[in-house]
Amino acid sequence: MADLVIENVKLRYGSIDILKGVSLSVERGQIVALLGPSGSGKTTLLRCVAGLEEPHDGRIAIAGKTLFDGSKGVALAPEERGLGLVFQSYALWPHKTVFANVAYPLKLRGVSGGDIRARVARALDSIGIGHLAERFPHQLSGGQQQRVALARALVYEPPVILLDEPLSNLDAKLREEARVWLRQLISDLGLSALCVTHDQVEAMAMADRILLLNGGLVEQQGTPEEMYQRPASLFAAEFMGANNRLPGKAAGVREGRASLVFGDQRLDGVACGPLAEGEEAYGVVRLERVRMADGPGPNRLRMALTSEMYLGERYELVFKRDDLLVRTFATAKLPGGEHWLEFPPDALWVAARS
Amino acid sequence: MPFALFRFATLAIMASAVLAPIGLIVYQSFLDAPFFSPNVHFSLDAFQFVLEDEDFWTALSTSVIVAAGMTAISVPLGVVLAFLMARTDVPGKWLLEPLVLVPIFMSAVVLAFGYVVALGPVGIVSTFVKGLIGVVPWSIYSVTAITIIAGLTHVPHVYLYTSAALRNVGADLEEAARTTGASPWWVAVSVSLPMVTPAVLYAAVLIFFLGFELFGLPLVLGDPEGILVLATYLYKLTNKLGVPSYQLMAVVVVAIILIAIPLVWLQRVLLASSNKYVSVGGKAAKRAPLKLGALRWPAFCLIVLWFAVSVGLPVFGIALRSVVTTWGEGVRLSEVLTLAHYRDLVDYPNAIHAIVNTVLIGTIGGAASVACYTAVALAMHRWQSGMVRIADYLVMIPRAMPGIVAGLAMLWLFLFIKPLAPFRSTLFSVWLAYTIVWLAYGTRLVSGTMLQIGRELEEAGRSVGGSQGRVARDVTLPLVRGGILAAWLLVFLIFVREYSTGVYLLGPGTEVIGSLMVSLWGTGAIDLVSALSVINILIISAGLGLALRLGVRLHG
């Protein structure tokens with residue numbers, strides 16, 4: 001059964017449509033990531049679920065209980081929704097200790113003093129910050145603050161937890177650790193979570209399903225594998241991963257296949273989104289899917305190596321041919337001059353320019 | 001929905017407290033006799049009388065001259081002062097910084113008394129100068145003197161807004177100009193100054209507006225020569241016809257408010273635009289102050305000279321006058337020294353009441369007022385509703401009422417509304433008038449601190465299950481506690497300084513130092529007035545010292 005259901009939610013600020021009808025559902029125990037560029041409406045959607053923004057249309061329900069229904073005029077206040085929300089800034093109350101921050105939701109629910117102490121201690125211990133209870137937020141590191149924010153949102157056992165860019169305030173190293181830890185914690189507790197992020201790697205690492213938003217609409221949704229391997233549009237293809245973009249025209253469009261034609265070259269690939277024969281198109285291929293080949297062949301181009309960057313675990317190479325630039329990775333240094341590159345047909349998406 | 005109820009109730013009370021006095025004044029202006037007279041009719045006679053009265057037009061034009069003149073004096077001085085303090089290495093900043101704000105907290109009547117005592121025809125400085133060169137080369141009782149003194153004492157207002165704006169101009173913007181080849185002074189003129197122009201403009205309109213409110217200075221310095229401005233014209237009108245001419249006073253008040261409203265509105269527009277401008281600025285990084293070089297000490301002396309003339313001189317004058325029996329040509333200080341005035345003060349019950357009442361109204365009254373301002377600010381805090389705009393304008397309305405007008409309106413209100421009548425001769429009436437007059441100032445002080453709380457801290461409270469009321473109590477209020485305490489101190493200073501609002505309410509039980517001094521000055525009791533002035537200065541100094549000690553920012 002779906003824990004959280006969002007149907008056709010629309011929201012407008014003045015004359016600007018922020019959300020143009022977004023639907024999604026989060027199954028029990030699932031982590032769903034809301035992914036998109038800034039301005040795509042992902043944080044607004046999260047705030048709509050929390051009750052901090054009011055859509056003008058649509059429906060939001062949790063475990064069968066309606067939180068918002070535009071047509072019936074139902075709009076529960078944030079405090080009546082019983083959700084857990086972790087803010088991007090953590091929003092820890094600076095005048096309360098860690099203990100008091102986490103205890104506050106229980107106090108609001110009329111839990112007795114002894115129970116509060118026990119439950120807060122359990123919540124803090126379960127995320128490894130039991131020893132920090134008497135500190136104030138400003139005495140904590142960023143990572144510790146994030147854990148307190150999480151404990152505060154979990155202590156009253158909400159059915160769904162909402163996370164707004166939970167890792168964006170941590171430095172790069174800590175972020176990778178926290179990602180693993182957060183995913184483990186959410187699945188251990190059997191929680192359902194909706195998580196906003198602008199980082200596709202983070203989304204793929206943490207989520208069971210990804211919802212890609214673009215301009216207030218759902219561009220595509222699916223498992224991380226589906227999103228990465230079978231993008232449904234040029235936007236989805238380019239938003240995920242690091243890509244090369246090859247301009248040309250579409251040809252031979254049929255049964256989900258298409259070719260990209262430019263100059264006297266023809267590269268076969270997979271049609272991505274609606275595409276018409278002869279239309280201006282882009283070929284999109286992930287950096288890591290471009291292969292070094294040993295000689296001419298189908299779907300291969302001869303290109304000149306122009307620069308080489310050492311990234312530690314590998315090299316990034318830049319090839320050039322006329323106006324065309326192609327980047328790829330190699331494990332070893334390459335001699336200068338011309339090389340053959342192969343664009344595997346199942347890794348080249350041909351999508352209409354729009 | 002108890003919080004919604006709190007909102008509406010608070011705003012309803014605020015609205016009636018603001019609108020009732022103004023409504024009563026407008027109503028009174030269309031009557032042919034005081035509103036409580038048995039036989040009263042609607043009439044435009046009062047308007048006709050005032051508009052045909054030459055004195056009214058003279059007072060109006062004097063007000064315009066004084067307001068324009070003091071703006072012309074205080075704006076350039078204030079901008080220079082702000083630039084010196086915010087951007088240069090002028091010495092002794094730690095001392096100057098709090099000092100330059102002191103004139104804001106000095107009572108204008110006390111300063112006026114001080115100037116008369118120091119620079120009047122037989123003043124302490126005047127007789128000294130006369131002894132040297134044989135004549136006194138100035139006249140303190142003139143429009144020019146009023147304008148210059150008002151201009152000098154209003155420099156801090158310009159300084160405040162300009163220096164705040166200067167500090168907001170991103171260092172990177174100025175550094176960008178430096179790297180493209182501009183000299184420091186050229187950067188100041190071509191980058192910094194244009195960036196703060198909206199703030200300076202705002203300050204200019206504010207000063208011009210305050211010029212129309214002037215009461216203490218023209219009363220003390222203008223009256224002996226028959227010089228009237230609008231506020232003193234209103235004050236003198238009481239005796240114009242020999243009978244209480246309420247309808248005439250109401251007409252003058254309506255005129256003052258009609259002049260003030262567009263100015264207040266203009267201030268709002270300019271403030272909004274200056275904020276917009278400032279937010280364009282880049283990062284507020286630390287920047288190296290400009291080196292004044294050889295001009296360092298001259299700049300320091302300029303600031304000290306300004307302070308000496310606008311505060312030091314009058315305070316010295318009034319303090320000296322309070323410990324001498326008499327002053328005039330050929331008087332030797334050692335022969336006239338006395339503490340008799342202070343002893344007389346102790347024997348004068350009204351003065352003791354005034355001192356006690358002033359302290360009460362500053363401390364307890366100030367706390368009560370800040371509680372009211374906090375309630376209003378809380379009711380309007382983060383409210384997504386059209387009501388907020390209306391409430392915003394309501395809060396601004398008292399700003400258009402000079403203190404003397406608000407005091408008059410309050411007096412009439414207590415006469416008009418029967419259940420309030422018993423409170424007329426209690427301190428409550430004075431407190432209510434003070435609270436309403438400073439509503440805009442106080443509410444902005446408190447709401448300013450509330451807006452500094454991150455929105456997410458309150459949203460977090462809501463999302464874990466707290467109602468609006470609970471979150472206001474458990475998150476918002478505890479976080480603004482410091483700001484509210486600071487507001488209390490500032491309101492204390494302002495209430496102790498206040499004099500004009502209490503003038504019409506002055507009576508047994510409602511004496512405060514400010515209004516009592518105005519009334520005593522009229523009777524020529526200069527000995528008592530000077531002693532009271534010193535006490536007023538001492539109370540304010542104590543408050544200022546405490547504020548500085550606690551690190552309270554002396555402005556909102």
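This is a predicted model: local features need pLDDT of at least 70, side-chain atom pairs count only at pLDDT 80 or more; totals for chains, interfaces and linings use all residues.
The backbone comes first. Most residues other than glycine have a negative phi. A:Tyr90 is found in a loop of chain A, between β7 (84-86) and α2 (98-108). The relative accessible area of A:Tyr90 is 3%, and because the limit for buried is under 20%, A:Tyr90 is classed as buried.

Aromatic rings are the next topic. A pair of aromatic rings is described by the distance of the centres and the angle of the planes. Over all chains, the count of aromatic pairs comes to 30. One of them joins B:Phe35 and B:Trp412, whose ring centres are 6.3 Å apart. The planes of these two rings stand at 70 degrees, and angles over 60 count as edge-to-face, so the pair is placed in that class. The two partners come from distant parts of chain B, 377 residues apart. B:Phe35 is in the loop between α1 (2-29) and α2 (45-52), while B:Trp412 is in helix α20, residues 403-416. With a relative accessibility of 9%, B:Phe35 counts as buried. B:Trp412 is buried too, at a relative accessible area of 0%.

The charged end of A:Arg152 sits over the ring of A:Trp93, at 4.3 Å from the ring centre. In a second case, the ring belongs to A:Tyr282, and the charged end of A:Arg245 sits over it, 4.1 Å from the centre.

From side-chain contacts the text turns to open space. The second largest pocket has a volume of about 1200 Å³. Its lining is made up of 39 residues, and those closest to the pocket centre are A:Gly51, A:Pro78, B:Arg382, B:Arg462 and B:Gln468. Elements that each supply at least two lining residues are β1 of chain A and, from chain B, α1, α23 (455-463) and α24 (468-479). Sorted by class, the lining of the second largest pocket has 17 nonpolar, 14 charged and eight polar residues.

B:Asp89 is in the loop of chain B that runs between α3 (54-87) and α4 (93-99). Its relative accessibility of 17% is under the 20% limit, so B:Asp89 counts as buried. A polar atom of the B:Asp89 side chain lies 2.9 Å from the backbone nitrogen of B:Leu292. In chain A, A:Gly312 occupies the loop between β17 (300-310) and β18 (315-321). At 39% relative accessibility, A:Gly312 counts as partly exposed. The C-alpha atoms of A:Gly312 and A:Thr331 are 9.8 Å apart in space, and the two residues are 19 residues apart in sequence.

Key
Residues are numbered from 1 along each chain as its sequence is written. Chains are lettered from A and ligands numbered from 1 in the order in which they are written. Side-chain values use heavy atoms; hydrogens and water are left out. Helices (H or I, at least four residues) and strands (E, at least two) are DSSP runs, numbered from the N terminus. Buried means under 20% relative accessible area, exposed over 50%, partly exposed in between (1.4 Å probe, protein chains only). Rings of Phe, Tyr and Trp (its six-membered ring) pair if their centres lie within 6.5 Å; planes under 30 degrees apart count as stacked, over 60 as edge-to-face and the rest as tilted. A charge sits over a ring if NZ of Lys or CZ of Arg is within 6 Å of the ring centre and within 35 degrees of the ring normal. On a 1 Å grid over the protein atoms alone, a cavity is a set of points where a 1.4 Å probe fits but cannot get out, and a pocket is an open set with protein on both sides within 12 Å along at least five of seven lines; lining residues have an atom within 4 Å of a point. Grid points are joined across faces, edges and corners, and a volume is the space filled by probe spheres set on the points. Ala, Val, Leu, Ile, Met, Phe, Trp, Tyr, Cys and Pro count as nonpolar, Asp, Glu, Lys and Arg as charged, and the others, Gly among them, as polar. A polar contact is a pair of N or O atoms within 3.5 Å; within protein, one must be able to donate a hydrogen and the other to accept it, and residues adjacent in sequence count only if both atoms are side-chain atoms.
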